[in-house]
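Let's take a friendly walk through the side-chain contacts of this model. Have the viewer ready and follow along.

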Amino acid sequence: MATETTGAVSTCVDSHGSAIGMPQLCFDWFPNQIFWLVVTLVVVFLVLSRVALPRIAAILAERTGTITNDLAAAEDLKAKAVEAEEAYNKALADARAEAQRIAAEARAEIQADLDDAIAKADAEIAAKAAESEQAIAEIRAGALDSIQVVAKDTAAELVTALGGQADADAVAGAVDARMKG
């Protein structure tokens, strides 16, 4: 027979072997339940304290260290970025100053070349103007001579056309007298 009951009936079990009410609240089984509760808590404590909690603590320490290192690296990079920005701004200002200096030198060179070209052009214009004035004076002198020749030829032809005899010396004298005023 599987189980024999001794004649004593427990206050937690009825005559058929089924529990009366909730077996966890039966005072007859408390010592057994407390024993297994203590064993279970000790096992859970040992597992947590020896395995799980050290791993969690190591992970938290690693994360804290990583975060601290990352923050320190970020501060260093921020300082380097500020220094790089200052160096960039200084280089940019230097480059602008150098560009302005080069532009001023180029303007001065261009102005000097322009002044030289203007002086050369003025000298050439003055020389050409003097040549032109001399050519105009020669043309005027030649024109007066040409006018005298034309006037003499015209006067001689008029005298001949009017039926007279043109004397070259008389015509030349008359034209010269008239040209002088």
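Rings of Phe, Tyr and Trp (its six-membered ring) count as a pair if their centres lie within 6.5 Å; planes under 30 degrees apart are called stacked, those over 60 edge-to-face, and the rest tilted. By that rule, the structure holds one aromatic pair. Its partners are Phe 35 and Trp 36, whose ring centres are 5.1 Å apart, with 75° between the planes, an edge-to-face arrangement. Phe 35 has a relative accessibility of 47% and is therefore partly exposed; buried would mean under 20% relative accessible area and exposed over 50%, with partly exposed in between (1.4 Å probe, protein chains only).

Before moving on, please keep in mind that this is a predicted model, where local features need pLDDT of at least 70, side-chain atom pairs count only at pLDDT 80 or more, and totals for chains, interfaces and linings use all residues. Residues are numbered from 1 along each chain as its sequence is written, and side-chain values use heavy atoms, with hydrogens and water left out.

Now for the charged side chains. How many salt bridges does a search of the whole structure find? The search finds three, a salt bridge being a side-chain nitrogen of Lys or Arg within 4 Å of a carboxyl oxygen of Asp or Glu.

Start with Lys 90, which forms a salt bridge with Asp 94; their closest N and O atoms are 3.2 Å apart. Both residues belong to helix 1 (residues 30-161), and because they are four residues apart there, about one helical turn separates them. Helices here are DSSP runs (H or I, at least four residues), just as strands are (E, at least two), and are numbered from the N terminus. Lys 90 is exposed, at 55% relative accessible area, while Asp 94 is partly exposed, at 43%.

Next, go to Arg 101, where two salt bridges can be followed in turn. One joins Arg 101 to Glu 98, with the closest N and O atoms 2.2 Å apart. These two residues sit three residues apart in helix 1, about one turn of the helix. The other brings together the side chains of Arg 101 and Glu 105, at 2.4 Å from N to O. This time the spacing in helix 1 is four residues, again about one turn.

Taken together, Glu 98, Arg 101 and Glu 105 are linked in a network of salt bridges. Glu 98 is partly exposed at 36% relative accessibility, and Glu 105 is partly exposed at 38%.
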